[in-house]
Amino acid sequence: MPLPILVIVAIVVLYLLNSIKILKEYERGVIFRLGRVQQAAAGPGIILVFRPLDQIVRISLRQEAMEVPAQDVITRDNVTLKVNAVITLRVVDPTKAVIEVANYVYQTSQFAQTTLRSVLGEVDLDELLAHREALNIRIQSIIDGHTSPFGVKVVSVEVKQVDMPETMLRAMAKQAEAERERRAKIIHAEGEFNAAAKLVEAAALMATQPMTLQLRYLQTLTEIGVEKNTTIVFPLPMELMNLFNRTFIPEASIPKKD
């Protein structure tokens, strides 16, 4: 076989070998032929790219985690915060992700920053701390509405960290301490109220049977004796003291009225 033919065959073989591209399972190739994009993204597996007529742009379909830089946020109750978040996104339409935007990651990041400031600026600090999951879902839906036209799906949004001023942290600590003291006082007052109600019931029951008071008195003396005390205090009713005074004090010592 003549040498020129061998050279031509070798060039053709090398060109065909160089045209073979292998795309992984998570990759798709957007092929531009003479500047026009093919309708369906190629891959995965073996595809042919005939350069210089064809150009290929590889797009990954795997989820990507992107951190939103810390944003200065002023809440509805005028509290200044620094908030950052993490966004998980994936490409669902490789052709749109290549044609519609120059850089879909940068575009999504900008949408995330503006949405984070606007949404968190509409809520109070307590709502931000207590209902973070609902805010995450709301932010995700807004960002996903911006990114869906260029074939990007926002899988999740998580508010990562909320940095508050030192004065606000001290105020929140005082508020929590005051709330706990309030609960303790309420519990103590409820205990006193229940104890007083039980005492009233016990007094009413003893009033029906006067002997029970004497039995209770003897039981108290027994309990004092068990403690081996050297001093025992005997409570005397005031009526008994008045009877004693009228009985033993001479009538002459009592001043008479004119």
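Helices and strands are taken here as DSSP runs, of at least four residues for helices (H or I) and at least two for strands (E), numbered from the N terminus. On this basis, the predicted model contains eight helices and eight strands, and Ile-5 is placed in helix 1. Of the 258 residues in the chain, 24% are buried. The chain exposes about 18,500 Å², and carbon and sulfur atoms supply 61% of that area. Among contacts between residues at least 6 apart in sequence, 64% join residues that are at least 24 apart.

A patch of about 850 Å² is formed by Ile-5, Val-9, Val-13, Leu-14, Leu-17, Ile-20, Ile-22, Ile-46 and Leu-48. Two or more of these residues come from each of helix 1 (3-19), strand 1 (20-23) and strand 4 (45-48). Helix 1 makes the greatest contribution to the patch, with five residues. Ile-5, a member of the patch, has a relative accessibility of 40% and therefore counts as partly exposed, since that class lies between the 20% limit for buried residues and the 50% limit for exposed ones.

Helix 3 was examined in terms of its geometry, its start and its surroundings. The helix comprises 17 residues (104-120), and the distance from its first C-alpha to its last is 24 Å, close to the 24 Å expected at 1.5 Å a residue. At the start of helix 3, a side-chain oxygen of Asn-103 comes to within 3.2 Å of the backbone nitrogen of Val-105. The buried residues of helix 3 are Tyr-104, Thr-108, Ser-109, Ala-112, Gln-113, Thr-115, Leu-116, Val-119 and Leu-120. In an α-helix there are 3.6 residues a turn, so residues three or four places apart point the same way. The cover over the buried residues of helix 3 includes both helical and strand elements: helix 2 (94-99), helix 4 (125-130) and helix 5 (132-147), together with strand 6 (64-74), strand 7 (80-91) and strand 8 (152-163).

Strand 7, one of the elements that cover helix 3, also holds Thr-88. With a relative accessibility of 16%, Thr-88 counts as buried, because the class requires a value under 20%. When neighbours within four places in sequence are left aside, the contacts of Thr-88 are with Gln-63, Glu-64, Lys-153, Val-154, Val-155 and Ser-156.

Conventions. Residues are numbered from 1 along each chain as its sequence is written. This is a predicted model: local features need pLDDT of at least 70, side-chain atom pairs count only at pLDDT 80 or more; totals for chains, interfaces and linings use all residues. Side-chain values use heavy atoms; hydrogens and water are left out. The expected span of a helix is 1.5 Å times one less than its number of residues. Buried means under 20% relative accessible area, exposed over 50%, partly exposed in between (1.4 Å probe, protein chains only). Contact means heavy atoms within 4.5 Å. A polar contact is a pair of N or O atoms within 3.5 Å; within protein, one must be able to donate a hydrogen and the other to accept it, and residues adjacent in sequence count only if both atoms are side-chain atoms. Patches are made of residues with over 30% relative accessible area and no salt bridge: like charges are joined within 9 Å, nonpolar side chains (Val, Leu, Ile, Met, Phe, Trp, Tyr) within 5 Å. Accessible areas come from the Shrake-Rupley method with a 1.4 Å probe; for residues, only the protein chains shown count as cover. A salt bridge is a side-chain nitrogen of Lys or Arg within 4 Å of a carboxyl oxygen of Asp or Glu.
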